[in-house]
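Please read them with the structure open.

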Amino acid sequence: MRPHTFVLGLALAFAVPAEAQHAGLGVQGALGDYREQTAALRFRGEGGGAWAEVGVGPVTLAGVVVRLEMEPGAGSPTGAEAFRLTQLDARMRVRLVGFLSAEA
C-alpha cells in the first residue's frame, strides 16, 4: 500500500460530514451606559466588536469581544475620567438531540 493512499483512507475514515461543519465571523457596533447608584456619576460610550463561531458536529464554540470608549456624562463630578471598557464572552454548546442543547 502506498503511503498517500493510507493517509487518504485514514482521513476519510475519521472525517466529519461537511454538512455538520460551520463557521462564521462578523462585526458589530455597541453603545454603553454606566451609572452608579447616584445619578451624579454617569458614563456613556460607543465602540465596536467582533464575533466568531465554529461548529463541528454537535459541538459549537463561539466568542465575542467588544470594546467601548466611555466618556463622563453630563452632571458627573469634575474628577471623572474617560476609560476603555473591554468585554469578552466565550460559549460552548453541545447539541443533545435535534431540539435540545446544553450550553456553558
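Is valine 97 buried, partly exposed or exposed? Its relative accessible area is 41%, so valine 97 counts as partly exposed. Bear in mind throughout that this is a predicted model.

1. **The sheet.** The fold has an open sheet of 5 strands. Their order is β1-β2-β3-β4-β5, and the pairing is antiparallel. Two strands sit at the edges: β1, residues 21–35, and β5, residues 100–103. Each of these pairs on one side only. From one strand to the next, the twist averages 20°. As a general point, strands of a sheet pair through backbone hydrogen bonds, in either a parallel or an antiparallel sense.

2. **The β2–β3 pairing.** Strand β2 covers residues 42–56, and strand β3 covers residues 59–72. The two run antiparallel and share 14 bridges.

3. **Valine 97 and the nonpolar patch.** Valine 97 belongs to strand β4, which spans residues 83–97. Valine 97 is also one of the residues in a nonpolar surface patch, together with Leu96, Phe99 and Leu100. Patch members must have over 30% relative accessible area. Valine 97 clears that cut-off, because its value is 41%.

4. **Glycine 98.** Where is glycine 98 found? Glycine 98 lies in the loop between β4 and β5. Glycine 98 is exposed, at 76% relative accessible area. Proline 58 is 40 residues away from glycine 98 in sequence. In space, the two C-alpha atoms are 9.7 Å apart.

5. How many salt bridges does the structure hold? The count is 4. In general, side chains of opposite charge can pair when their charged atoms come close. One of the bridges joins the side chains of aspartate 33 and arginine 35, at 3.0 Å from N to O. Aspartate 33 is partly exposed, at 42% relative accessible area. Arginine 35 is partly exposed too, at 45%. Aspartate 33 also forms a salt bridge with arginine 44, where the closest N and O atoms are 3.7 Å apart. This pair links distant parts of the chain: aspartate 33 is in strand β1 and arginine 44 in strand β2, 11 residues apart. For arginine 44, the relative accessible area is 46%, so arginine 44 counts as partly exposed.

6. **A bridge from β3 to β4.** Glutamate 69 and arginine 84 meet through their side chains in a salt bridge, at 3.0 Å from N to O. Here too the pair links distant parts of the chain. Glutamate 69 is in strand β3, arginine 84 is in strand β4, and 15 residues separate them. Glutamate 69 is partly exposed, at 38%. Arginine 84 counts as exposed, at 56% relative accessibility.

7. **The aromatic pairs.** The model has 2 aromatic pairs. Tyrosine 34 and phenylalanine 43 form a tilted pair, with 6.2 Å from centre to centre and 40° between the planes. Tyrosine 34 is partly exposed, at 37% relative accessibility. Phenylalanine 43 is buried, at 6%. Why is the pair of phenylalanine 43 and phenylalanine 83 edge-to-face? The planes of these rings stand at 70°, and planes over 60 degrees apart count as edge-to-face. The ring centres are 5.0 Å apart. This pair links distant parts of the chain: phenylalanine 43 is in strand β2 and phenylalanine 83 in strand β4, 40 residues apart. Phenylalanine 83 is partly exposed, at 30% relative accessibility.

8. **The aromatic cluster.** Tyr34, Phe43 and Phe83 form one aromatic cluster. Check the cover of each ring in turn. Phenylalanine 43 counts as buried, whereas tyrosine 34 is partly exposed and phenylalanine 83 is partly exposed.

Definitions and conventions
Residues are numbered from 1 along each chain as its sequence is written. This is a predicted model: local features need pLDDT of at least 70, side-chain atom pairs count only at pLDDT 80 or more; totals for chains, interfaces and linings use all residues. Side-chain values use heavy atoms; hydrogens and water are left out. Two strands pair if DSSP finds at least two bridges between them. Helices (H or I, at least four residues) and strands (E, at least two) are DSSP runs, numbered from the N terminus. Axes are lines fitted to C-alpha atoms, for helices over the stretch in contact, and angles run from 0 to 180 degrees between N-to-C directions. Patches are made of residues with over 30% relative accessible area and no salt bridge: like charges are joined within 9 Å, nonpolar side chains (Val, Leu, Ile, Met, Phe, Trp, Tyr) within 5 Å. Accessible areas come from the Shrake-Rupley method with a 1.4 Å probe; for residues, only the protein chains shown count as cover. Buried means under 20% relative accessible area, exposed over 50%, partly exposed in between (1.4 Å probe, protein chains only). Rings of Phe, Tyr and Trp (its six-membered ring) pair if their centres lie within 6.5 Å; planes under 30 degrees apart count as stacked, over 60 as edge-to-face and the rest as tilted.
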